[in-house]
Amino acid sequence: MQFMRLSWKILVGVKDLFVLLFLALFFAAIFALLNANPNPAMVRDGALLLKLDGVVAEQPAEIDPLMALTSAAAPVGEIRQRDIIRALKLAQSDKRVKLVVLDMERFMGGGQASLAAIGDSIDAVKKAGKPVYAFATAYTDDSYQLAAHATQIWMDPLGGALLAGPGGSQPYYKGLLDQLGVKANIYRVGTFKSAVEPFMRSDQSAESKMAIKGVYDEIWGQWKADVAKARPQAQLDQLLTNPADAVEGAKGDLGQLALSTKLVDKLGDKIAFGKFIASKVGADEKKTTGGFAHTPMDALLASYGPPSAGEQIGVVTVAGTIVDGEGGPGSAAGDTISNLIYEALDTKDLKALVVRVDSPGGSVTASEKIRLAIAAAKAKNIPVVVSMANLAASGGYWVSLPADVIFAAPSTITGSIGIFGVIPSAEAGLAKIGVNADGVKTTPLSGEPDVLNGFSPEFDRVAQSAIENGYRQFLTRVATARKKTPEQVDAVAQGRVWAGGTARQLGLVDRSGNMNDALAEAAKRAGLKPDDWHAVYIEQSTSFAGTLLQGLMPKKAQSNAPMDIFAHAAWQQSLFIQRVAADLDMLTGVKGVQARCLECGDFAPPAPAAADKTWLSVLLKAFS
């Protein structure tokens with residue numbers, strides 16, 4: 001009897017524990033949902049604070065619940081480019097906003113075209129009579145491109161400005177694959193289709209070097225021109241041509257070097273910067289040390305709400321690698337994007353469609369699904385305008401073809417018209433460990449592709465012929481859309497990448513401009529007056545789980561984000577590891593023919609997923 005009473009007490013205690021746990025989770029969920037939504041009540045007189053923690057993205061990806069729960073580091077924050085630009089536009093006329101603060105303490109970069117568009121918006125704020133102040137511990141190419149547009153640039157005395165320009169070493173895996181006995185069976189078309197070179201060479205081909213260097217020179221020239229125009233007093237030449245002499249001449253004091261070369265205006269820590277801003281707009285409500293009266297970007301946007309006046313111009317975003325199947329926000333999944341377009345055409349009264357592309361390409365079949373969906377809008381006599389962001393290459397160019405007009409920024413990377421397929425086999429590696437293969441075939445293609453015994457000549461011929469046919473189809477689609485002959489397209493295709501300015505001269509794009517230019521053109525083609533339309537974004541909403549995670553996690557948590565120049569160097573190493581992982585995944589995980597620009601990774605914004613390992617740990621593990 002006593003045992004039964006004890007068991008009952010234990011059961012009651014367990015029940016109470018579960019009830020308490022449920023209540024804790026319930027209230028945590030409510031808190032998360034409230035915390036995830038911006039609060040318009042936070043708008044007050046003072047500064048508009050653009051806290052740029054993370055990377056600028058065209059379409060932020062939804063937080064992966066499993067990664068968020070298992071990763072030791074917080075996910076890298078992504079700030080939507082259009083939100084930054086709209087907030088800056090609202091700041092021009094909102095009387096509550098006295099000035100704008102760019103907090104780039106934990107800024108991790110963005111694509112050059114995106115940053116140039118934000119820079120134009122900063123200039124518009126200054127033109128409206130409102131100053132803009134920038135702060136960071138250290139500045140790199142990306143952060144300085146934005147800071148150069150500020151009225152005044154602050155930097156921590158222990159920081160520095162490390163301006164490096166594009167370029168650097170890339171990994172090539174032919175030697176490693178040979179040692180492992182793995183063969184990358186490659187089928188491609190295009191003299192410049194260097195996406196698969198890392199698996200077939202130990203160095204970069206002369207054709208690839210020539211093409212990439214031309215693009216590097218063009219976009220680096222645009223970066224320097226942008227910075228020089230925004231901040232003509234900055235003395236960049238010596239820092240860019242002979243940085244070691246410049247640093248040694250300053251006895252290693254990077255802060256004083258940045259000040260003496262007029263890259264920055266003031267040296268001071270974040271507290272000093274905050275007190276400076278407070279002297280202009282007042283202290284914050286809690287009168288915290290270094291605090292100042294301000295409005296967060298999300299709160300300002302929420303106070304206005306989404307535009308709703310006038311007719312609807314649909315906007316669909318194709319951001320990231322184009323993949324087959326379905327995917328969430330920030331994923332260029334062929335089925336998802338095409339279904340969103342078809343649904344919008346069926347249910348919304350769209351007067352025009354703008355397609356925003358920021359993709360290096362990917363699956364041919366997924367690219368074609370998206371292209372057909374966009375073409376369906378044209379079939380309904382809806383004007384279609386494409387706005388290319390940082391990347392619109394290969395499959396990213398493929399989906400742009402139905403457009404009535406294509407806009408590209410001067411630093412957009414586009415072209416890469418070519419396709420490839422790659423399938424690994426391990427006959428040599430298996431033979432090294434005593435595994436041989438034999439069997440009986442009923443046709444020349446029985447058991448092909450034979451990863452055990454090597455691919456047959458017949459399969460190689462079939463695969464290569466199919467790739468060549470796919471390339472001809474790509475050329476034909478481009479020729480039809482751009483009103484050229486296939487031969488004219490082939491002369492600028494062959495997998496070669498181009499910067500936006502040159503692409504316009506070659507007839508691959510129509511005009512130079514950003515998203516605002518594309519929207520204005522779409523309205524014009526639809527016969528709408530400037531104030532008689534608004535953009536409707538055709539995209540997936542964040543899932544319930546994603547909203548919960550967003551609210552439960554620290555806002556844009558950046559515990560491991562780089563701050564000084566050494567931390568930025570370490571961050572670049574982690575990006576290198578991500579690239580190696582992506583390259584190997586392409587070798588083993590790609591399904592189907594690819595219209596993809598691998599070299600475009602050099603021009604893309606930093607990947608949002610932080611690498612958990614360093615290159616050194618990977619090497620140690622490999623050789624242990």
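**Close-up views of salt bridges and nonpolar cores**

The model contains 24 salt bridges, each defined as a side-chain nitrogen of Lys or Arg within 4 Å of a carboxyl oxygen of Asp or Glu. This is a predicted model, in which local features need pLDDT of at least 70 and side-chain atom pairs count only at pLDDT 80 or more, while totals for chains, interfaces and linings use all residues. Residues are numbered from 1 along each chain as its sequence is written, and side-chain values use heavy atoms, with hydrogens and water left out.

**View A. Salt bridge between arginine 44 and glutamate 285.** The N to O distance is 3.3 Å. The pair links distant parts of the chain, 241 residues apart: arginine 44 lies in the loop between helix H1 (2-36) and strand E1 (46-51), and glutamate 285 in the loop between helix H12 (270-281) and strand E10 (294-296). Helices (H or I, at least four residues) and strands (E, at least two) are DSSP runs, numbered from the N terminus. Arginine 44 is partly exposed at 26% relative accessible area, whereas glutamate 285 is exposed at 62%. Buried means under 20% relative accessible area, exposed over 50%, and partly exposed in between (1.4 Å probe, protein chains only).

**View B. Salt bridge between aspartate 346 and lysine 380.** The closest N and O atoms are 3.8 Å apart. Aspartate 346 belongs to helix H14 (residues 334-347), and lysine 380 to the loop between helix H15 (364-379) and strand E16 (384-393). Aspartate 346 is exposed, with 61% relative accessibility; lysine 380 is partly exposed, with 44%.

**View C. Salt bridge between lysine 378 and aspartate 404.** Here the closest N and O atoms are 3.4 Å apart. Lysine 378 is in helix H15, and aspartate 404 is in the loop between helix H16 (395-398) and strand E17 (405-408). Both residues are partly exposed, lysine 378 at 35% and aspartate 404 at 32%.

**View D. Salt-bridge network of Lys51, Asp53, Asp103 and Lys270.** These four residues are linked through salt bridges.

**View E. The largest nonpolar core, with 53 residues.** A nonpolar core is a set of buried Ala, Val, Leu, Ile, Met, Phe, Trp, Tyr and Cys residues joined through side-chain atoms within 4.5 Å. Leu353, Val355, Met388 and Ile417 have the most contacts inside this core. Helix H18 (residues 457-482) supplies its largest share, eight residues. A second, separate core has 47 residues, including Ala148, Trp220, Leu257 and Val264.
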